[in-house]
Amino acid sequence: GDLWNYYMDFDNNRLDPWDRIIPSFKYNSQIPFFEMLVPTTDTVRFGYLMEKLLAVEHSVLFTGTTGVGKSVVARSLLTQIQDEAGYVPLYINFSAQTSSSRTQEIIESKLEKKRKNIIGAPGNKRVIIFVDDLNMPKLDRYGSQPPIELLRQYQDFGGFYDREKLFWKEIQDVTIAAACAPPGGGRNPVTPRFIRHFSMLCLPTPSE
């Protein structure tokens, strides 16, 4: 196999095939069918990479055609590691009608005030904002997507403005992760100024 068929086992200091860490699938009739994830080499591989990137506070973007499991892989990973890693997941679904003000409200609802102009994750935790359908918001008259520009302001400058009193709010202990399908069919190209902050991982179509 090639390099992509192996992962680094740091406990034994060797390269091992992904097959060795694929968990067995146990059917649970209580879980809705569309939330089930049958572990495969790809789901394990991309979940592992996402976990390692989030551990060093680096943003992750999953892309790939509709139905490859971008959101399911990300959500199942966050559910699985949130207690151990001290994460507080916040899931946001973007649509064509999503506004930047609503996005800011949702984000601030999960954060707590640390000092006068500093807000951040509760306790000693870290908030992971997972944005699904990242490229869905419609373009404004200037060709930008306001919710994405809000997230970019945080990525670039570490905060955003209070909309009522117009003072700067610094945000601490927050990492953004996202998923989106390629542009087309109502999805728009996302500005490279935002994408540059992410490690982009492309999930392949499931094999037979």
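**Reading a predicted fold: rings, sheet and helices**

Colleague: Start with one residue. Is Trp-18 buried or exposed?

Modeller: Trp-18 has a relative accessibility of 4%, so it counts as buried. The cut-off for buried is under 20%. Keep in mind that this is a predicted model.

Colleague: How many aromatic pairs does a search of the whole structure find? And how do I read one?

Modeller: A pair of aromatic rings is described by the distance of the centres and the angle of the planes. Here the search gives 7 aromatic pairs. Take Tyr-7 and Tyr-48: their ring centres are 5.7 Å apart and their planes stand at 65°, so this pair is edge-to-face. Tyr-7 belongs to strand β1 (residues 6-9) and Tyr-48 to helix α1, so the pair ties together parts 41 residues apart in sequence.

Colleague: Which ring geometry do Trp-18 and Tyr-48 have?

Modeller: Edge-to-face, because their planes are at 80°, with the centres 5.2 Å apart. Trp-18 sits in the loop between β2 (14-17) and α1, while Tyr-48 is in helix α1, so this pair links parts that are 30 residues apart in sequence.

Colleague: What do Tyr-7, Trp-18 and Tyr-48 form?

Modeller: One aromatic cluster. Check the burial of the tyrosines too. Tyr-7 has a relative accessible area of 10% and is buried. Tyr-48, at 17% relative accessibility, also counts as buried.

Colleague: On to the sheet. In what order do the 5 strands stand?

Modeller: Read β4-β7-β10-β3-β11; the sheet is open and the pairing parallel. From one strand to the next, the twist averages 20°.

Colleague: Walk me across the pairings. How many bridges does each have?

Modeller: β4 and β7 pair over 7 bridges, in the parallel sense. Within that pairing, Tyr-91 stands opposite Phe-130 in β7. Next, β7 joins β10 through 6 bridges, and Val-131 has Ala-178 of β10 as its bridge partner. β3 and β10 then pair over 4 bridges. There, Leu-61 stands opposite that residue of β10, Ala-178. Thr-63 has Cys-202 in β11 as its bridge partner.

Colleague: How many residues of β10 are buried?

Modeller: 7 of the 7, so β10 is largely enclosed by the rest of the structure. Read its faces separately. Val-174, Ile-176, Ala-178 and Cys-180 lie on one side, and Thr-175, Ala-177 and Ala-179 on the other; both faces are covered.

Colleague: Which helices lie across β4?

Modeller: Two to note. Helix α1 (residues 41-55) lies across β3, β4, β7, β10 (174-180) and β11, and runs at about 155° to β3. Helix α2 (residues 70-85) lies across β3, β4, β7 and β10, at about 155° to β4.

Colleague: Now charges over rings. Which ring does the charged end of Arg-75 sit over?

Modeller: That of Tyr-91, 4.4 Å from the ring centre. Another case is Lys-116, whose charged end sits over the ring of Phe-167, 5.9 Å from its centre.

Colleague: One last residue. Is Arg-115 buried or exposed?

Modeller: Exposed, because its relative accessible area is 56% and the cut-off is over 50%. Arg-115 is in strand β5 (residues 112-115). Compare sequence with space: Arg-115 and Lys-169 are 54 residues apart in sequence, and 9.9 Å apart from C-alpha to C-alpha.

How values were computed: Residues numbered from 1 in each chain as written. Predicted model: local features only at pLDDT ≥ 70, side-chain atom pairs only at ≥ 80, totals over all residues. Heavy atoms only, no water. Pairing = 2+ DSSP bridges. Helix = DSSP H or I, 4+ residues; strand = E, 2+ residues; numbered from the N terminus. Axes fitted to C-alpha atoms, helices over the stretch in contact; angles between N-to-C directions. Contact = heavy atoms within 4.5 Å. Phe/Tyr/Trp six-rings, centres within 6.5 Å; stacked < 30°, edge-to-face > 60°. Buried < 20%, exposed > 50% of the residue type's maximum accessible area, 1.4 Å probe, protein only. Lys NZ or Arg CZ within 6 Å of the ring centre and 35° of its normal.
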